[in-house]
Amino acid sequence: MNYQQTLDFLYRKLPMFTRIGAAAFKKDLTNTLILCESLNNPQHQFKSIHVAGTNGKGSTSHMLAAVLQAQGYKTGLYTSPHLKDFRERIRINGKMISKREVVKFVEAQEKLIEEIEPSFFEVTVALAFDYFARHHVDIAVIEVGLGGRLDSTNIIRPKLSVITNISLDHMNMLGDTLEEIAGEKAGIIKKNTPVVIGETQEKSAPVFIQKAKEMNAPIAFADAELNVQNAKIKNTRLSLSVYQNQEMIYPNLICDLTGVYQHKNILTVIKALSVLNEKTNFKISDESIYSGLKQVKKLTGLKGRWQTLQTNPLVICDTGHNEAGIAEVIKNINQTPHDKLHIVFGMVKDKDISKVLSLLPQNATYYFCKPDLERGLAETELAAQASVFNLLGDSYASVLAAKEAAIKNAAINDLVYIGGSTFVVAEAI
């Protein structure tokens with residue numbers, strides 16, 4: 001098979017969460033363990049950082065990888081889902097895995113894949129771990145796909161675990177309450193392995209503290225120790241200072257990710273790197289922190305986080321897609337100067353749609369659309385549900401048609417925001 005045929009085989013043959021949702025989620029680690037056993041357990045052949053959380057885990061993973069790269073470490077990065085190219089999921093020092101390596105892996109594993117019928121995600125995780133082991137990375141940042149305890153990535157023995165935050169998402173798989181979801185995310189906390197929690201939340205903090213105690217894992221809450229001051233956007237970059245106990249420890253940090261929500265993620269990253277310095281053999285200089293955060297997108301290829309697609313009119317997209325993520329997007333919109341607001345919006349069926357819609361501004365013109373996948377919510381159905389919340393606009397058969405209409409209707413000082421789903425952003429980019 002060539003590369004395209006190999007991808008078609010993976011997409012067609014294997015249950016894929018992106019496409020069909022919960023039915024693709026395997027509730028144990030058996031298949032991943034079988035695949036990795038056949039590869040001589042690559043997950044134990046490289047050092048790693050494990051990153052979970054409802055929102056912010058992608059940005060946090062990319063920031064950590066960027067700083068580690070800036071320090072000179074050969075750094076693997078595994079994230080999901082991809083926006084444009086499957087190979088975005090698996091990178092070393094920001095460079096995507098080659099098409100040839102993907103083809104070779106699937107060819108070698110095809111018989112086992114046919115035999116055990118793993119999910120798309122299980123195969124992808126095994127591919128990533130095998131790739132990082134064979135290329136002898138110094139460290140890999142591994143982003144959890146969904147949850148934590150039963151996620152395929154949860155067979156690694158990380159040097160550090162990171163959990164960004166907890167909010168209501170994927171309740172059909174992870175539980176209906178914040179405590180239940182926190183319990184699933186806490187599944188990545190390992191024996192005698194430090195864990196950094198990004199946000200202190202009333203309902204999730206006790207769950208993490210209890211699990212850390214059971215595992216004898218040193219635990220730290222980033223926002224309890226650190227805070228951001230003097231945050232502003234300067235020359236299309238975020239500038240801020242990080243304080244610890246009223247003392248400024250990182251003055252004038254510059255980051256090329258400008259969303260307001262990145263303040264929280266930066267604190268999580270700073271604390272995680274501090275713990276890595278204190279409790280492992282990895283040494284990260286302040287210079288590397290400044291250098292890495294300044295060029296996260298360049299070093300890692302991150303896209304879709306409050307990303308400017310064009311100016312005049314200003315067109316921005318963001319992958320926030322649940323209640324907490326959209327709440328952060330609204331903060332960004334409110335802080336972005338504009339005359340009129342145009343919102344290109346699409347969602348997938350298995351989200352808490354009414355909760356998200358209740359947060360959206362009524363003083364905007366809406367362009368409802370359906371992301372091009374089976375889980376996509378029909379644009380007319382989305383428009384009907386939105387009208388209950390007095391969110392009014394037209395429906396479009398595709399994301400691109402909605403995007404084009406919004407840009408055409410927008411005056412030079414207007415803002416066009418595109419979002420609601422990672423898959424809407426992927427098509428818009």
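User: At 17% relative accessibility, does glutamate 199 count as buried or exposed?

Analyst: Glutamate 199 counts as buried, because its relative accessibility is 17%; buried means under 20% relative accessible area, exposed over 50%, and partly exposed in between (1.4 Å probe, protein chains only). This is a predicted model, in which local features need pLDDT of at least 70 and side-chain atom pairs count only at pLDDT 80 or more, while totals for chains, interfaces and linings use all residues. Residues are numbered from 1 along each chain as its sequence is written, and side-chain values use heavy atoms, with hydrogens and water left out.

User: With which side chain does glutamate 199 meet in a salt bridge?

Analyst: Side chains of opposite charge can pair when their charged atoms come close. A salt bridge here is a side-chain nitrogen of Lys or Arg within 4 Å of a carboxyl oxygen of Asp or Glu. The partner of glutamate 199 is lysine 264, at 3.8 Å from N to O. This pair links distant parts of the chain, 65 residues apart: lysine 264 lies in helix α11 (residues 262-279), and glutamate 199 in the loop between β7 (195-197) and α9 (205-214). Helices (H or I, at least four residues) and strands (E, at least two) are DSSP runs, numbered from the N terminus. Lysine 264 is partly exposed, at 32% relative accessibility.

User: Which residues are linked with Glu199 in a network of salt bridges?

Analyst: The network links Glu199, Lys264, Glu328 and Lys331. Glutamate 328 and lysine 331 form a salt bridge whose closest N and O atoms are 3.3 Å apart.

User: Where do glutamate 328 and lysine 331 lie?

Analyst: An α-helix has 3.6 residues a turn, so residues three or four places apart point the same way. Glutamate 328 and lysine 331 are both in helix α14 (residues 323-334), three residues apart, about one turn of the helix. Glutamate 328 is buried at 11% relative accessibility, whereas lysine 331 is partly exposed at 38%.

User: How many salt bridges does the structure hold?

Analyst: The structure holds nine. Another pair is aspartate 352 with lysine 355, whose closest N and O atoms are 3.8 Å apart. Aspartate 352 is partly exposed at 31%, and lysine 355 is partly exposed at 34%.

User: What span does helix α6 reach from its first C-alpha to its last?

Analyst: The expected span of a helix is 1.5 Å times one less than its number of residues. Helix α6 (residues 120-134) has 15 residues and reaches 21 Å, close to the 21 Å expected. Of its 15 residues, 14 are buried, so α6 is largely enclosed by the rest of the structure. Just after α6, histidine 136 takes a positive phi of about 50°.
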